[in-house]
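Here's a walk through one model, with the cut-offs spelled out as they come up. Have the viewer open as you read.

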Amino acid sequence: MGYKIKCDRGVGGILTRILIACFLVSVYFYFSASSDSFIARRKPGKENTKNKNSKTPPILSCDLKDIRSEVCEINSNVRIHSSSSSIFFSYNQPMDLETNKTWRVQPYTRKFDDLVMKSVRPVTIRPFYAYTEAPKCDLNHNITAVVFSSSSYLGNFYHDFSDVLLPLFITARQFEGEVQFLIADMQLWWVEKYKKILNQLSNYEIIDSSKEKQVHCYPSAIVGLYSHGELTVDPSRTPNSYSMLDFARLIRKAYFLDRDFAKNLAAGGKTKPRLLIIARNQTRKIVNVGEVVAMGDELGFEVVVSDPASHTTVDGIARLVNSIDVMIGVHGAGLTNQIFLPTNAVLIQIVPFGNLEKFAEYDYGFAAKNMMLQYLQYSISEEESTLIDIYPRDHAVFRDPKSIHRQGWAKIDEIYLRQQSVKLNLPRFRPVLKRALELLT
């Protein structure tokens, strides 16, 4: 036995059905255009299209003027057609927008690097209205999408973290896994390499947006990644005051790292503090590394020399570095491994000759301090630089490094980074190692 609705075929019944149908259509378009599933927690940028007379978050909020990255947040029936690099969002107030208005975002975090950005495919964002066509949804999701590029410096350990993984943490950590990543220029080996970190940030499969043919629909999306600087998280600019220390904790959880704190020498114990010397195979090597090892052993360290690049997986280097109390390295990508150090460990950055102190501290020193590491910076002298075997002592390379800097980054890189290695003056460097021991007490 069921229920049947008796249809009145008179004029009044027809008008009633028309009114009901109009009401239902209006309700559908209202809710499809004003999803509440994602609450914007950042101040909107210049482009800010609001849903009038509503306290819901902006339908579209774009920050396209930041020096490092372009980001748009969308909160209304998002349809992503990845293969065409197009994103559509519903908007039910066409008078507020130009009908043909579009936004173009290059979703990579080195906006200032013109050479790199040339290879980053832009994503086009455009509104659609109740009366315009938009691609039909093939798959519907009830989570937020984050669209970004893993682009140009793919595989460089420093850039993998500074340009992609840390910005991804800043952007996506707030969702506690309820977010899906759509990556342009995706390489499976890269995803496999960092899958343990990616799995901490998202509970869902990653979509290769360059190859995806289906239209994926979401209640909200973030296009691009927020970036605060080189290997940096600014807690004042993150949704829940996340910091570099929070990122370090996430890393330890991802790789099952046991040590939260470095050795405290004041607590005693028979084990020696462990000292890791980051080895480099080409430029910026410590050419007298054997002598440095001997001095470290004499001072009471258990010394390990390792080239992080020689490890076939991130797991291996992560476990090694987490077992370390003091890490030494010449300025370079190997120092990125500080993210695996336990809290209160000591990082010693050796700065090559050439007036590079500010670069060095900006790239690695600030990150170390923000992760609650002890940080020491040692600038080598002319005599400790192998550049003395290449250039005469009265050359501008020694006499006037600022003149080299004025020629641009390419020249700085060529001379002070690619041509230079280090021969440490042991009596001069010894107090730095002794200070590291003091910081462990």
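What follows covers the ground rules, a sheet and its helices, a loop contact, one more helix and the disulfides.

## Ground rules

This is a predicted model, where local features need pLDDT of at least 70 and side-chain atom pairs count only at pLDDT 80 or more, while totals for chains, interfaces and linings use all residues. Residues are numbered from 1 along each chain as its sequence is written, and side-chain values use heavy atoms, with hydrogens and water left out.

Helices (H or I, at least four residues) and strands (E, at least two) are DSSP runs, numbered from the N terminus.

## The sheet

Let's start with an open sheet of 5 strands, ordered E15-E14-E16-E17-E18, with parallel pairing. E15 and E18 (374–379) are at the edges with a single partner strand each, so one side of each has no neighbour in the sheet. From one strand to the next, the twist averages 20°. Two strands count as paired here if DSSP finds at least two bridges between them. As background, strands of a sheet pair through backbone hydrogen bonds, either parallel or antiparallel.

Take E17 (residues 346–351) as an example: 6 bridges join E17 to E18, and the two run parallel. Across that pair, Leu 347 sits opposite Tyr 375 in E18.

## Helices on the sheet

Helix H7 (residues 289–299) packs on the sheet, touching E14 and E15, and its direction makes about 155° with that of E15. H8 packs on the sheet too, touching E14, E15 and E16, with its direction at about 135° to that of E14. Contact means heavy atoms within 4.5 Å; axes are lines fitted to C-alpha atoms, for helices over the stretch in contact, and angles run from 0 to 180 degrees between N-to-C directions.

How many residues of H8 are buried? In H8 (residues 314–322), 8 of 9 are, which leaves the helix mostly covered. Buried means under 20% relative accessible area, exposed over 50%, and partly exposed in between (1.4 Å probe, protein chains only). Among the buried ones are Val 314, Ile 317, Leu 320 and Val 321. The buried residues pack against helices H4 (188–193) and H5 (195–201), plus strands E14 (274–278), E15 (302–306) and E16 (326–330).

Ala 266 belongs to the loop between helix H6 (244–254) and E14. Ala 266 is exposed, at 62% relative accessible area. Leaving aside residues up to four places away in sequence, Ala 266 touches Leu 440 and Thr 441. Ala 266 and Leu 440 are 174 residues apart in sequence, yet 7.8 Å apart in space, C-alpha to C-alpha.

Over in H12 (residues 409–417), the buried residues include Ile 412, Ile 415 and Tyr 416. The buried residues of H12 pack against helices H10 (396–399) and H11 (401–405).

## Disulfides

The whole structure has 2 disulfides, counted as cysteine sulfur pairs within 2.5 Å. Cys 62 and Cys 72 form one, with sulfur atoms 2.0 Å apart. The link of Cys 62 and Cys 72 is right-handed, with 115° about the S-S bond. Both of these cysteines, Cys 62 and Cys 72, are buried.

Another disulfide joins Cys 137 to Cys 217, S to S 1.9 Å, and is left-handed at -100° about the S-S bond. Cys 137 is in the loop between E7 (123–128) and E8 (139–140) and Cys 217 in E12 (residues 215–218), so the pair ties together parts 80 residues apart in sequence. Cys 137 counts as partly exposed at 28% relative accessibility, whereas Cys 217 counts as buried at 3%.
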